[in-house]
Amino acid sequence: MYNKLVRIEVMRNLGKEVDDFISSYLTPVEKIWQPTDFLPDPSADSFKHDVEELQTYAQEMGYDLFITLIGDCITEEALPSYESWIMGIDGVEQENRSGWSQWVRSWTAEENRHGDLLNKYLYLCGRVNMREVEITTQYLIQDGFDIGTSMDPYRNFVYTSFQETATNISHRRVGSLAKQTGNTKLSRMCGVIAADEARHAKAYKQFVTRIFELDPSEMMLAFEDMMRKKIVMPAHLMRESGQKAGELWGHFSDAAQRAMVYTGQDYINILSDLLVDWKIEHITGLNEKAEKAQEYLMKLPGRLQRITDRIATPDLEYQFKWVKS
């Protein structure tokens, strides 16, 4: 267990900087892009042509890549779970209109646009069984998630640093692969979402950097604990109609791996980058337990690499109910 009172005090100290965090890592509502900026305009004479073009390119996308795009959308649409979880961590006072609660609301408002954009794209593209997608989304919000962080802000910020980086990679790769087939409009959509995720990842990494300055030993132990548990994706309880919670996740992650959108190697690369970003090797003033955690973390990428090199990705495609037959 961690010392909750110390966590709250550290969060209170960092809370004085939240306005700076918001201005540095989030974009004012009036200046940031909105989903309609990238979607066909129903009032335009070109609307029918634009939708037909969108549908043509969607039909040409490879199956695994298209499944990954749908899964990314569903993950984004489960935003209510993520907001309520972060709003409940120690040191975030929901009733306040400033400080950490304002960060959570502002971050959520930016993230909300991602699901809106991808959902509308999938609806228009004509290749998706939207009712099945909606069922998966509702289940995912209903089932919630267990990411192993408890209400500890240290562990939660490790998780969000990792997860926002992973989401950036996934959206960016889908966009790059779509562009290779001439689907420049979808590529732009994924690109702007990825850019948001990159900014958000920088913010959460900065929060961890500041905590390392204030409470290095406990922050190191929290980082170690999260990596021993392994970072699970927020949609790990994903399911289709007629399934149990989590039954679909393995099939989805296999599709993402086959499409080379998000792989086991990416997991290792993110960890390696976090070790560098947080200067883990050079942090001093640690207690004995934290020093052992530091040593474990520095050796972990090599251990994971040896395991990953031996794992083969399943070749068999699963037939998702999300895609029209």
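Contact here means heavy atoms within 4.5 Å of each other. This is a predicted model, in which local features need pLDDT of at least 70 and side-chain atom pairs count only at pLDDT 80 or more, while totals for chains, interfaces and linings use all residues. Residues are numbered from 1 along each chain as its sequence is written, and side-chain values use heavy atoms, with hydrogens and water left out.

**Asn-96**
- Asn-96 lies in the loop between H5 and H6, where helices are DSSP runs (H or I, at least four residues) numbered from the N terminus.
- Beyond its neighbours within four places in sequence, Asn-96 is in contact with Ser-101 and Arg-105.
- Asn-96 counts as partly exposed because its relative accessibility is 30%, the class between buried (under 20% relative accessible area) and exposed (over 50%), with a 1.4 Å probe and protein chains only.
- From Asn-96 to Gln-305 the separation is 209 residues in sequence and 44 Å in space, C-alpha to C-alpha.

**The largest cavity**
- A cavity is a set of points, on a 1 Å grid over the protein atoms alone, where a 1.4 Å probe fits but cannot get out, and its lining residues have an atom within 4 Å of a point.
- The count comes to one cavity of 30 Å³ or more, and the volume of the largest cavity is about 230 Å³, a volume being the space filled by probe spheres set on the points, which are joined across faces, edges and corners.
- Its lining has 18 residues, with Tyr-82, Trp-107, Gln-163, Glu-164 and Pro-234 nearest the centre of the largest cavity.
- Helices H4 (63-77), H5 (79-87), H6 (100-125) and H8 (153-180) each give two or more residues to this lining, and H8 gives the most, with six residues.

Definitions and conventions:
1 Å grid on protein atoms, 1.4 Å probe; cavity = no way out; pocket = protein on both sides within 12 Å on 5 of 7 lines; lining within 4 Å.
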